[in-house]
Amino acid sequence: MGLIINPYLSFASSGFNKSGIKFYFHFEESSGNIINAATTAAGYTNGLGDDADGVKRGDPTYQQTGKIDDAIEYDGTTDHFELGSGDGSDFKFLHDGTDFTIAFWLKRSDGTNELQGIFGTGEGGSTIGMALRLDGTNNKITAKIENGTGAASSINSSNSWIPDNTTTYYHYIITFEGSSQTWNIYRDNANNESNTSSLTVSSSNPSNLPQVGNEPDTGGVENLVGLIDELVVLTRIITADERAYLYNSGDGQLIAWLTSHLLTAW
């Protein structure tokens with residue numbers, strides 16, 4: 001009789017509920033595509049698994065210093081990852097009035113004044129989608145949902161809210177409550193802006209597949225110049241305790257351990 005460790009199971013931490021998590025990227029890869037950690041086998045019952053893996057575009061730089069272990073750096077030209085495949089129906093929740101939360105660590109690589117895409121399925125013109133971006137002109141973060149008619153539900157943080165700082169990671173959380181169309185933006189577990197707007201949302205598929213390190217746009221938005229770590233997207237509004245758990249007093253924290261500590265007898 002002995003003990004072995006089962007390396008294939010993953011357990012939810014005590015501080016964060018895995019419910020609603022669609023995709024979760026640690027960015028530990030050394031090359032190629034990025035792998036969605038939110039699989040049903042790992043206990044993410046709502047996870048999209050490999051249906052949300054990200055295909056490399058351009059030449060991002062792997063294994064850079066992240067907030068937790070490694071991160072991937074984007075150089076502002078063509079670097080990004082495109083998630084999923086097919087008609088994009090897995091990602092309608094980002095614009096169809098479903099509650100969602102987007103959380104990630106971000107470190108800028110320069111202080112350029114360009115509009116830079118962080119994540120999303122796109123905006124502008126007749127696009128149906130969601131866009132999250134950095135406005136380098138005023139150092140603020142913006143998010144919006146568009147329904148294909150040019151109308152939008154959106155939020156903008158205060159000016160200078162994204163520090164013009166290329167040495168430090170900051171934690172960002174964006175939430176959208178679909179029934180009231182209420183947005184909230186948090187940096188380092190502190191609320192900055194709330195906004196409620198009205199939009200007739202679309203139930204159609206997004207115009208584009210989601211991108212990390214960019215957001216598809218009809219013009220004027222560049223790719224991100226910076227690093228992203230621990231990106232998680234889910235179909236619910238996370239709690240105050242969960243926001244605090246992810247931020248962890250500035251140290252960051254994983255939602256679940258990648259290797260289980262389950263001991264089984266043989």
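Which residue takes a positive phi just after α1? In this predicted model, that residue is Asn-248, whose phi is about 55°.

**View 1. Helix α1 and what covers its buried residues.** Helix α1 is made up of residues 240-247, and its buried residues are Glu-242, Arg-243, Tyr-245, Leu-246 and Tyr-247. The cover over these buried residues includes the strands β7 (100-108), β12 (170-177) and β13 (182-187). Just after the helix comes Asn-248, with its positive phi of about 55°.

**View 2. Asn-214 in its loop between β15 and β16.** The loop that holds Asn-214 runs between β15 (211-212) and β16 (222-223). Asn-214 has a relative accessibility of 8% and therefore counts as buried, the cut-off being under 20%. Leaving aside residues up to four places away in sequence, Asn-214 touches His-80, Gly-117, Ile-118, Phe-119, Gly-120, Glu-222 and Asn-223.

**View 3. Ser-160 and Asn-189, two residues with positive phi.** Ser-160, found in the loop between β11 (152-156) and β12, has a positive phi of about 65° although it is not a glycine. With a relative accessible area of 54%, Ser-160 is exposed. Asn-189, which lies in the loop between β13 and β14 (190-196), is likewise a residue other than glycine with a positive phi, here near 65°. Its relative accessible area is 30%, so Asn-189 is partly exposed.

**View 4. A patch of negative charge on the surface.** The residues that gather in this patch are Asp-50, Asp-51, Asp-87 and Asp-90. One of them, Asp-87, is found in the loop between β6 (80-83) and β7.

Notes. Residues are numbered from 1 along each chain as its sequence is written. This is a predicted model: local features need pLDDT of at least 70, side-chain atom pairs count only at pLDDT 80 or more; totals for chains, interfaces and linings use all residues. Side-chain values use heavy atoms; hydrogens and water are left out. Helices (H or I, at least four residues) and strands (E, at least two) are DSSP runs, numbered from the N terminus. Buried means under 20% relative accessible area, exposed over 50%, partly exposed in between (1.4 Å probe, protein chains only). Contact means heavy atoms within 4.5 Å. Patches are made of residues with over 30% relative accessible area and no salt bridge: like charges are joined within 9 Å, nonpolar side chains (Val, Leu, Ile, Met, Phe, Trp, Tyr) within 5 Å. Accessible areas come from the Shrake-Rupley method with a 1.4 Å probe; for residues, only the protein chains shown count as cover. A salt bridge is a side-chain nitrogen of Lys or Arg within 4 Å of a carboxyl oxygen of Asp or Glu. Lys and Arg count as positive and Asp and Glu as negative; His and the chain ends are not counted. The place of a charge is taken as NZ of Lys, CZ of Arg, CG of Asp or CD of Glu.
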